[in-house]
Amino acid sequence: MQKIINGKKYDTQTAVACGTYVEPILFTNCETFITLYRKTNGEYFLKEDWREMHFIFEVRRDVSIKPLTEEEAKKWTERHLSAERYESLFGEVPE
């Protein structure tokens, strides 16, 4: 998926997927898959996929891209990914 936001290109094919968080949508058969990506220039963005399950097949719904600063990416990673993944992306954190 490619998207241009504020004159910058965000491409999930060329960026590195850093981790995914799956959030169920209560009282539905839908889930939101949120993936953090890092572009080759070091910028971060989130891709949100809404998916709905219908018996044996999956329907993809809205897809959105949200640019993040490095600080926002760190906060998102702290909340949604493991400590090991955080340190592999941003470096070791002292105890």
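Visitor: Is Asp-49 buried or exposed?

Guide: Happy to start there. The model is a predicted one, where local features need pLDDT of at least 70, side-chain atom pairs count only at pLDDT 80 or more, and totals for chains, interfaces and linings use all residues. Residues are numbered from 1 along each chain as its sequence is written, and side-chain values use heavy atoms, with hydrogens and water left out. Because its relative accessibility is 3%, Asp-49 counts as buried.

Visitor: Which side chain does Asp-49 meet in a salt bridge?

Guide: A salt bridge here is a side-chain nitrogen of Lys or Arg within 4 Å of a carboxyl oxygen of Asp or Glu. The N to O distance is 3.2 Å, and the partner of Asp-49 is Lys-47.

Visitor: How many salt bridges are found in the whole structure?

Guide: One of them joins Lys-39 and Glu-43, at 3.1 Å from N to O. Lys-39 is buried at 13% relative accessibility, while Glu-43 is partly exposed at 22%. These two also belong to a salt-bridge network with Lys-8. For the whole structure, the search gives a count of four.

Visitor: How far apart in the helix are Glu-70 and Lys-74?

Guide: These two form a salt bridge, with the closest N and O atoms 3.8 Å apart. Glu-70 is partly exposed at 45% relative accessible area, and Lys-74 is partly exposed at 21%. Both sit in helix H1 (residues 70-80), and because they are four residues apart there, their separation is about one helical turn.

Visitor: In what order do the elements of the protein chain run?

Guide: Helices (H or I, at least four residues) and strands (E, at least two) are DSSP runs, numbered from the N terminus. The protein chain has two helices and six strands. Read from the N terminus on, the order is β-β-β-β-β-β-α-α.

Visitor: Where is Tyr-44, and how far in space is Tyr-44 from Tyr-10?

Guide: Tyr-44 is placed in strand E5 (residues 44-54) and is buried, with a relative accessible area of 5%. Leaving aside neighbours within four places in sequence, its contacts (heavy atoms within 4.5 Å) include Cys-18, Leu-36, Leu-89 and Phe-90. Tyr-10 is 34 residues away in sequence, and the C-alpha to C-alpha distance is 9.1 Å.

Visitor: Which residues gather in a patch of negative charge on the surface?

Guide: Such a patch is made of residues with over 30% relative accessible area and no salt bridge, with like charges joined within 9 Å. Asp and Glu count as negative, Lys and Arg as positive, and His and the chain ends are not counted; each charge is placed at NZ of Lys, CZ of Arg, CG of Asp or CD of Glu. One member, Glu-87, lies in helix H2 (residues 83-90) and is partly exposed at 31% relative accessibility. The patch consists of Glu-84, Glu-87, Glu-92 and Glu-95.

Visitor: What share of the residues of the protein chain count as buried?

Guide: Accessible areas come from the Shrake-Rupley method with a 1.4 Å probe, and for residues only the protein chains shown count as cover. The protein chain exposes about 6700 Å², with carbon and sulfur atoms supplying 51% of it. Of its 95 residues, the share that count as buried is 33%.

Methods. Patches are made of residues with over 30% relative accessible area and no salt bridge: like charges are joined within 9 Å, nonpolar side chains (Val, Leu, Ile, Met, Phe, Trp, Tyr) within 5 Å. Buried means under 20% relative accessible area, exposed over 50%, partly exposed in between (1.4 Å probe, protein chains only).
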